Amino acid sequence: MADFFEHLNDILFLDIETISGAEKLEDLPLRMQDEWKKKALQLQRTDEREADELYFEKAGIYAEFGKIICIGVGYFTYKIEEDELIYRTKSYAGLTEHETLLEFRGLLEKRDWMLCAHNGKEFDIPYICRRMLINKLPLPEILQLSGKKPWEIRHLDTLELWKFGDYKHYTRLDLLATIFDIPSSKEGIDGSMVNTVFYKEEDLDNIRKYCLRDVEVTARIYLAYQGLPGDLSFEIINLDTAAE
């Protein structure tokens, strides 16, 4: 097990929180409003709400119409001599999305990380890549996927690992937390409420905390896949708090 704990040192667990690019559809440039209305026509096949209401509820899901408001990360350090496991966690939520992504990009370039997120290969990683390019930021090496062979891409996905090849199967993070007896991250808010919490309540701190809870749940699920208990005890250092 000590070898596994040492392997953990290279894994960066992450989660992103996204919102619509603006609070109201009418706040967008006219070209973007027109593009959303075209998108809304597709959504209205199953949801009859008007385009402006759909924008507030759904735009954050799409990297072309949404933006990243917070990126949460966590990583383990294993001290062999003390047989001690330490988990450090931090959130990135700058004044602008560009600032948030720039700071996160700096972290990615500090070490040869292995990235791990729940449904990260389908959502978090593509979303981050698209938003970096929209913000005119060159992708760091770990997000350069074009031309790479599958085994050269240093990404793990706790959803993909749970599928065991069953590609039609989707399992929510909170369901995995439940079956592995991991405390839920959905205390106070969940992902569907982030847009409202940001634009209506102006409570970015609450979003940061929720994001970091999701990251810790993802990390604990990864440990559970190795047969470790969901409530495994380890020291947690919140670098956001430590920096205050």
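Biologist: Why is aspartate 205 called partly exposed?

Modeller: Buried means under 20% relative accessible area, exposed over 50%, and partly exposed is in between (1.4 Å probe, protein chains only). Aspartate 205 comes out at 42%, so partly exposed is the label. Lysine 209, at 47%, counts as partly exposed too. Bear in mind that this is a predicted model: local features need pLDDT of at least 70, side-chain atom pairs count only at pLDDT 80 or more, and totals for chains, interfaces and linings use all residues. Residues are numbered from 1 along each chain as its sequence is written, and side-chain values use heavy atoms, with hydrogens and water left out.

Biologist: What makes aspartate 205 and lysine 209 a salt bridge?

Modeller: A salt bridge needs a side-chain nitrogen of Lys or Arg within 4 Å of a carboxyl oxygen of Asp or Glu. Here the N to O distance is 3.3 Å, so the pair qualifies. The two sit four residues apart in helix H9 (residues 204-224), about one helical turn. Helices (H or I, at least four residues) and strands (E, at least two) are DSSP runs, numbered from the N terminus.

Biologist: How do you know that lysine 90 and aspartate 240 form a salt bridge?

Modeller: Their closest N and O atoms are 3.9 Å apart, so they pass that cut-off. Lysine 90 is in strand S3 (residues 84-92) and aspartate 240 in helix H10 (residues 239-242), so the pair ties together parts 150 residues apart in sequence.

Biologist: And why is aspartate 240 called buried or exposed?

Modeller: Buried, because its relative accessibility is 18%.
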